[in-house]
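Here is a short briefing to read alongside the model. Have the sequence and the 3D view open, and let's walk through it topic by topic.

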Amino acid sequence: MSAQAILEATGVQVSFPVGSALGARLRHQQHLLHAVDGVDLAVSRGEALALVGESGSGKSTLARAIAGIQRADRGQIKLDGKVLPAHRRSRADQRRIQMVFQDPYSSLNPRLTVGGMLHELLRVHHVVPRPEVESHTGQLLRMVGLPEDAVHALPRQFSGGQRQRVAIARAIALRPEVLVADEPVSALDVSVQATILNLLQDLQAELGLTLLFISHNLAVVRHLCDRVAVMYMGRIIEVAPTEVLFESPRHPYTAGLLAAIPRMAPGDESGAPAVKGDPPSPLRLPTGCRFRTRCPIAQPVCAEQDPALTVSSTNSEHSAACHFAWTASPANVAETV
Amino acid sequence: MSGPLQLEVSDLRVEIASHRGVVCPIDGVSLEIAPGEAVGLVGESGSGKSMTLKSILGLLPPDAKVTSGSVVFDGSDLTRMPHSQLNRVRGRRIGMIFQEPMSALNPVMRVGNQIAEGPRVHLGMTRTQSVERAMDLMRRVGIPEPERRFRAYPHEFSGGMRQRVMIAMALSCDPELILCDEPTTALDVTIQDQILRLLAQLCQESGTSLMFVTHDLPVVAQVCHKVAVMYAGRIVERGTVQEVFTRPMHPYTLGLLRSAPDVDHPGHSLEPIPGSPPSLASPPSGCRFHPRCQFAEDDCKVIDPPLRLIEGDRATACLHYERTLDEIGADT
């Protein structure tokens, strides 16, 4: 895996100070919220890796740390074997990892035409020689399926789907190796969502992009991605190839998450919910396993020991962070509860 | 459809006067809800689904007006009711649950008091009675430790808990009908699952009817018996959830079904609906979907197809609905 891994994160930790700065100074201690709390992740070249989890699980923060727009406190992010600084990356490094954001209404400069935006990028980063900037812009717009006269348009003249195309054009303009897409279709209607997903898939194949796809929509993830990493309270709790994860999840949280997806086939709504309760406060994490307060198979050992991500003995690509991941079957347990 | 209808919306038309002329976000919508029935209203943004729900209770923005049609609830037309009378229906006999509980709840009022307010105002309960009722409701919707949580403010609650407060408020006066506007869209999938189960159970227990507006088809499949699909201010198809989602009779419904990935059937390529929704200021001639329709014929450009009954409760506004059925048949 690590041999062809293009992107490698080891022990990444990102935390945010909470509460007042004055109070912290008076008490000589600052409360920290660990949004990402020790994550190891390797992404192979050309693959599409999904990062899923509920809000507050740290998936966006991890993505931002990887893209270099959020400083990581600890840990290392390596691109192609080279360690990237946690902040103030060089332009050349910035260029290699690009990001597409969730809300195309706020992630584009409202005062800049599409052409202005792309020209600036191409010039500043010397992507193509100056005389070719204009023709290259046209080519980029064609690649994302926008008409060429879109060059003169402002973001507000576009629909949500078209804006997301502009955002994608902006990201691929720099010929990145890794594209980090943070919920790129969540704000879009379902028929528009399909066009953007198809576009991402085509571009990935065409440009050989490595895709880190953050989403809470598991149907979209199953459709688009090769591998899935599930996050819970700042940790990765299960990683597996997509089909393995959907067919035989080993962590009880993953099993619950999958069971909670609304299905087209009418289900029995009278039973108990797939996962009970709310996630704990990230400032008062449970001892031991972070999921134990909601876990249907929690045992005394779960309160004492924090389970590490362990690899399956049968499938080296499947790992889970549960004491019983490779003994009991959480999927079965979750069903019977 | 047995017994009297709970709610009957007929030929509802809403107009908004804008500087670019009159826009018509709802254009002739008819909808029926029987007692104890859960009806889903689906469509993309701008289709008029939320607007339809708001017009039922007279909650339209000030520049929007109901210009024709009626909303009959228990024999009287809500659109022609004076506000004083409407206030006795709103919250008392028809409950509401909105998408964003943080903006729908009063941020400076304790959640318990917000739940207790309805029974006090509408049912004439004393303070003690209404507080007791609020605690009981909080217990029913699954808010732990109601005695302590009663005195909390909305910001102290998580998104799921706030939505439970909204549900408790909607249920507080034993309404006959609850209107839900995307009640789980802002929630995480595990919390959504909890809330949907709770809603389905509570409605089953008390026989409350439900109108459920959402853009998420699987959510409708989980909660509703019947579904109406809206496009550009009109209902284009109606029927039971099972029928509409497995044998769609309108190409737009087919398009919606084919553009969303199905978590249980991966590997299908997604087929987006070509084009984009029409401007409501100048909708296309004839069938409003014809510029995007793969089966459109010449007559679709001229004839504006009404919603017509095909079999039982099944209705479609497509002139050539057989083609959609054939397409589905060819698939399986």
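Which residue in β2(B) does R13(B) stand opposite? R13(B) faces D27(B) there. This is a predicted model, in which local features need pLDDT of at least 70, side-chain atom pairs count only at pLDDT 80 or more, and totals for chains, interfaces and linings use all residues. Residues are numbered from 1 along each chain as its sequence is written, while chains are lettered from A and ligands numbered from 1 in the order in which they are written.

**The sheet in chain B**
- Strand β1 of chain B, residues 7–18, pairs with β2(B) in the antiparallel sense over nine bridges; strands count as paired if DSSP finds at least two bridges between them.
- An open sheet of four strands in chain B runs in the order β2-β1-β4-β5, with antiparallel pairing.
- Its edge strands are β2 (21–33) and β5 (76–77) of chain B, each pairing on one side only.

**Chain A as a whole**
- Chain A has 12 helices and 12 strands, where helices (H or I, at least four residues) and strands (E, at least two) are DSSP runs numbered from the N terminus.
- The radius of gyration of chain A, taken over C-alpha atoms, is 21 Å, close to the 20 Å from the globule rule for 337 residues, so chain A is as compact as a globular protein of that length. The rule is 2.2 Å times the number of residues to the power 0.38.
- Along the principal axes, the C-alpha atoms of chain A fill a box of roughly 70 × 55 × 40 Å.
- Of the 337 residues of chain A, 45% count as buried; a residue is buried if 20 or more other C-beta atoms lie within 10 Å of its own, exposed if 12 or fewer, and partly exposed in between, with C-beta atoms placed from the backbone.

**Domains of chain A**
- Chain A is divided into domain 1 (5–247) and domain 2 (267–337), with bounds that come from an automatic or database domain assignment.
- The C-alpha centres of these two domains of chain A lie 29 Å apart.
- Their contact takes 17 residues from domain 1 of chain A and 13 residues from domain 2 of chain A; residues are in contact if their C-beta atoms, placed from the backbone, lie within 7 Å.
- On the domain 1 side, β2 (31–44) and β10 (235–241) of chain A each give two or more residues, and β10(A) gives the most, with seven residues.

**Where chains A and B meet**
- 31 residues of chain A are in contact with 40 residues of chain B.
- On the chain A side, α7 (190–207), α8 (218–224) and α10 (252–260) of chain A each supply at least two residues, and α7(A) gives the most, with six residues.

**Core and a buried isoleucine**
- The largest nonpolar core has 184 residues, of which I66(A), F213(A) and F212(B) touch the most other members. Such a core is a set of buried Ala, Val, Leu, Ile, Met, Phe, Trp, Tyr and Cys residues joined through C-beta atoms within 7 Å.
- Helix α7 of chain B, residues 159–171, provides the largest share of this core, eight residues.
- I191(B) sits in helix α8 (residues 189–206) of chain B and counts as buried because it has 25 C-beta neighbours inside 10 Å.
- I191(B) and G160(B) are 31 residues apart in sequence, yet 5.9 Å apart in space, C-alpha to C-alpha.

Definitions and conventions: Contact = placed C-beta atoms within 7 Å.
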